[in-house]
Amino acid sequence: MSKLGKYTRRTFMVGAAAIAGGVAFGVYRAKTPFENPLGRDLPIGSATFNPWVLVDATAVTLVLPHADLGQGVHSLQAALIAEELDIEIDQVQTTFGAPDKAYYNGGISGEMVPFMPTDDSRTAEFARSFAGGAIKAFMPMMMTGGSSTVPDSYLKLRQAGAMARETLKAAASAQTGVPVSNITTKNGAVHLPDGEIIPYTALAKRAAELDPVQDVSLRPSSQWRLLGKPMKRTDIVAKSTGTQEYGIDVKAKDMVYATVRVNPAKGSGANSFDDTTAKSMRGVLRVLKIKNGAAVVADNTWRAIQAVNAIEFDWKPSTYPAEQADHWAAVEASFVEDKLNGTPRDVGAVDQAQGTEVIAEYRSPYVAHAPLEPLSATILVKEDRVDIWTGHQIQLAVEEKIAAITGHDVSNVHLHNMFIGGSFGHRLEFLNIEQAAEIGNAMRGTPVKLTYSREEDFAQDFPRHITMGRGRGRVDQGRVVALDLELAAPSVMASQMGRMGINMPMPDAMLHSGAWENPYHNLENLRIRSYKADALAPVSSWRSVGAAPNGFAFDSLLDELIHAAGADPLEERIRLMGHDTSVKVLEAVGEMSNWGAPLGPNKGRGVAFVLSFGVPVAEVVEVTNTSKGIKIDKVWVACDVGQVLDPVNFENLVQGGVVYGLGHAINSEITYSGGHADQRNFWDAEGMRIAQCPEIFVKGLENASKIRGIGEPPVPPAAPALANAIFAATGQRIREMPFNKFIDFV
Amino acid sequence: MDITVNNQVHSIDVEGDMPLLWVLRDELGLTGTKYGCGVAACGACTVHVDGVAVRSCQTPVSDVQGAKITTIEGLGTPDALHAVQQAWVDLQVAQCGYCQSGQIMQATELLTNNAAPSDQEIDDWMNGNLCRCGTYPRIRAAVKAASTLMKDA
């Protein structure tokens with residue numbers, strides 16, 4: 001099925017007998033609480049130096065644990081290892097590897113401390129390193145999210161490559177008697193002074209007898225061959241020829257096809273259902289009662305969908321407010337002291353500030369993730385083991401969820417992670433996993449592929465949380481002198497973690513992320529407060545999580561204040577900014593867009609700045625107010641992730657983030673009627689299409705002190721930059737998404 | 001009934017109203033053609049029927065008996081890329097890649113009928129194909145690059 005499948009089968013075939021031929025990992029173990037999973041059941045003649053590199057007589061295999069949702073991290077992880085391993089990307093095999101704690105994500109811990117991401121002080125750094133150690137010790141989570149792949153992998157995977165290289169050199173030295181210092185490496189082989197070239201694969205057996213070399217130094221970026229230069233993604237040919245296998249494409253012998261229908265009032269059950277018609281339909285093998293609804297198993301996905309549509313359900317009502325207006329009312333009622341989630345910024349004395357007051361209120365709706373690959377999973381439950389093929393961002397939790405349903409020991413549940421056809425946070429959830437486990441358990445011995453219809457995917461999505469922002473501020477003598485923003489929303493982390501069985505009573509940083517971190521240190525009176533509304537409909541992380549709604553409220557409010565002050569939107573942001581790297585980002589976007597140059601008739605420009613996931617991003621949007629509505633002409637983006645590792649993929653991701661941010665701002669929301677989402681397919685929540693897509697110019701600066709990920713940060717500034725541009729072009733201030741409720745778009 | 005896909009005749013035993021998409025994916029195992037929406041709103045399932053780009057999710061299989069159907073697998077292969085696929089590789093278009101089979105099939109018909117489309121013509125022609133990752137700037141560039149490749153071929 002996948003390369004992973006091949007590897008797994010091989011290791012299982014060889015079994016425990018091979019352990020004698022494996023490598024001792026004494027030094028590695030001393031440095032980490034985790035055993036190298038590749039060392040278990042290692043075939044004789046194979047060598048593994050760390051959890052990421054495996055060499056045998058036929059191939060060099062890189063194990064790349066982060067899930068690939070389209071952001072290209074499979075390729076990037078390979079490049080990080082290959083850079084130090086001195087091997088070309090087309091000389092290696094790659095696999096996602098089996099889920100293991102050794103692959104815990106060390107890139108997310110830095111965001112869990114109460115210091116601004118721009119704070120490089122020793123105290124802040126100590127807190128981050130302490131949090132990192134605590135996470136590794138107590139909650140090692142293998143997960144992909146939070147734009148953390150690069151921060152997690154940047155050092156770790158280059159070290160993995162260097163360790164493997166040095167161990168292979170040591171093996172060559174042991175084999176030939178040539179001192180290591182006279183041995184070089186290139187193109188997947190060691191080179192000896194006499195011109196002899198020994199491929200790594202030929203050294204596997206000897207390397208397996210050595211302790212991996214631990215003491216390695218990394219090359220400076222000036223010596224990089226691959227990183228920092230345009231790279232060809234490892235998946236690009238497959239994704240251009242229809243040969244990339246996604247979870248939805250898995251094939252197995254004698255496989256059957258399933259789909260589900262559960263209560264659109266998410267989490268509520270069915271009183272009853274009538275499946276008489278469904279059962280008699282062609283190709284239907286089984287109708288199964290599952291949690292909160294039914295599954296149809298058939299010999300073809302379309303027949304399963306037709307049959308599930310023929311089931312008559314009597315649904316229970318929703319446990320959350322049935323009507324959208326009541327959701328907003330609940331959020332609106334949350335701006336009270338006992339629901340205070342936090343006051344992460346309180347500088348100066350906002351309440352005593354003098355000057356002309358500006359008051360405004362902002363709203364961001366529920367929004368569906370709606371990646372183009374609908375939820376799916378293929379599962380085979382047998383008496384002694386479970387195999388599941390699907391794409392997921394929290395791999396170990398998938399195995400635990402399944403074990404809890406099928407009754408297998410979790411060590412006998414095996415996730416084969418697959419390339420994902422887009423996620424945006426959708427694949428952090430477990431509903432399809434749990435349903436696949438229920439269905440597979442009822443169909444033991446038969447592989448079943450579960451595919452959601454698009455309508456079911458919309459209906460069961462846990463969307464982005466709704467958010468209200470109440471802002472006020474003051475301007476005096478042409479300057480912004482006070483900004484006071486209160487944000488209220490249901491807790492996305494409590495909802496999401498609750499479904500993983502984790503209670504989250506503590507404050508939710510997502511309720512003010514994207515607002516409090518903006519380093520406007522020269523704004524003398526600044527306060528950010530957030531309030532936690534009671535739980536409403538279930539919600540989940542949506543690309544950039546709280547930063548999109550909070551950044552929209554923050555930057556829109558700032559823009560209104562700047563206009564009220566009569567100042568220039570870019571110049572005033574630069575004046576207020578007290579952080580060099582962010583100032584440079586703003587200056588760069590000004591230069592790129594030739595800010596201040598005269599525009600044609602009916603045109604307007606807006607600038608916005610949001611720092612999220614540690615990345616300062618400034619965007620300028622230019623629009624034309626046409627007779628048919630707003631046309632988005634151009635967008636300029638400047639951002640700083642410290643180091644751009646692949647400029648082509650970087651540009652693609654930034655452009656995609658802008659499209660995602662703009663498209664949803666224009667036309668997408670999820671609303672509830674009778675407890676059910678009103679939107680069921682792409683014509684209800686369309687996002688951006690190509691004809692609406694502006695030209696997008698991207699510049700990645702490299703001044704920041706830390707390397708960061710770029711998956712999410714381009715999203716939050718897009719909506720406020722567009723709203724600010726519309727205001728500049730039309731005088732109309734839009735304070736609520738989606739904007740097409742208030743103005744037409746071409 | 002018999003259908004001809006990528007120059008191969010397949011005998012299938014299905015309802016006439018089964019959409020071509022599900023015949024391709026579940027009956028013939030040609031999974032390069034993707035299910036995205038089922039209602040012709042996303043274009044992920046685009047294939048060629050007698051050279052015309054159609055949404056296979058809304059094409060009953062009975063309508064294409066006797067027609068020549070081409071899927072992404074029949075356009076080119078990793079070892080023998082079609083010019084449009086070559087352009088998609090050169091421009092590094094894909095992110096998640098799930099929509100790109102449909103994008104490529106849609107673009108190929110455009111370039112077959114219009115060797116040098118304008119920006120407006122590209123936007124108009126490709127507007128039915130959603131890309132949730134937002135690769136549109138690269139799709140535009142790749143269509144132009146493919147136009148050049150096809151001219152030079």
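**Sheet, helices, interface**

Author: Strand S3 (residues 46–49) of chain B and strand S5 (residues 68–70) of chain B run antiparallel and are joined by two bridges. Strands (E, at least two residues) and helices (H or I, at least four) are DSSP runs numbered from the N terminus, and two strands pair if DSSP finds at least two bridges between them. In this pairing His48(B) sits opposite Thr70(B) in S5(B).

Author: Ground rules: this is a predicted model, where local features need pLDDT of at least 70, side-chain atom pairs count only at pLDDT 80 or more, and totals for chains, interfaces and linings use all residues. Residues are numbered from 1 along each chain as its sequence is written, chains are lettered from A and ligands numbered from 1 in the order in which they are written, and side-chain values use heavy atoms, leaving out hydrogens and water.

Reader: What is the strand order in the open sheet of chain B?

Author: In general, strands of a sheet pair through backbone hydrogen bonds, either parallel or antiparallel. Here five strands follow the order S2-S1-S5-S3-S4 in chain B, with mixed pairing. Strand S2 (8–11) and strand S4 (52–55) of chain B each have a single partner strand, so they stand at the edges with one side lacking a neighbour in the sheet. From one strand to the next, the twist averages 40°.

Reader: And how do H3(B) and H4(B) cross?

Author: Axes are lines fitted to C-alpha atoms, for helices over the stretch in contact, and angles between N-to-C directions run from 0 to 180 degrees. The axes of helix H3 (residues 83–90) of chain B and H4(B) come within 9 Å and cross at roughly 125°. That makes H3(B) oblique to H4(B) (under 35 degrees is roughly parallel, over 145 roughly antiparallel, 65 to 115 roughly perpendicular, the rest oblique). Val84(B), Gln85(B) and Trp88(B) of H3(B) meet residues of H4(B) including Ile104(B) and Leu111(B), where contact means heavy atoms within 4.5 Å.

Reader: What angle do H16 and H17 of chain A make?

Author: Helix H16 (residues 569–576) and helix H17 (residues 580–593) of chain A pack at about 165°, their axes 9 Å apart. H16(A) and H17(A) are therefore roughly antiparallel.

Reader: How much area is buried between chain A and chain B?

Author: Buried area is the accessible area (1.4 Å probe) that two parts lose on being put together, summed over both. Between chain A and chain B that comes to about 4900 Å², with carbon and sulfur atoms giving 55%. In chain A, Trp302(A), Leu372(A) and Ile690(A) lose the most area to chain B, together 17% of what that side buries.
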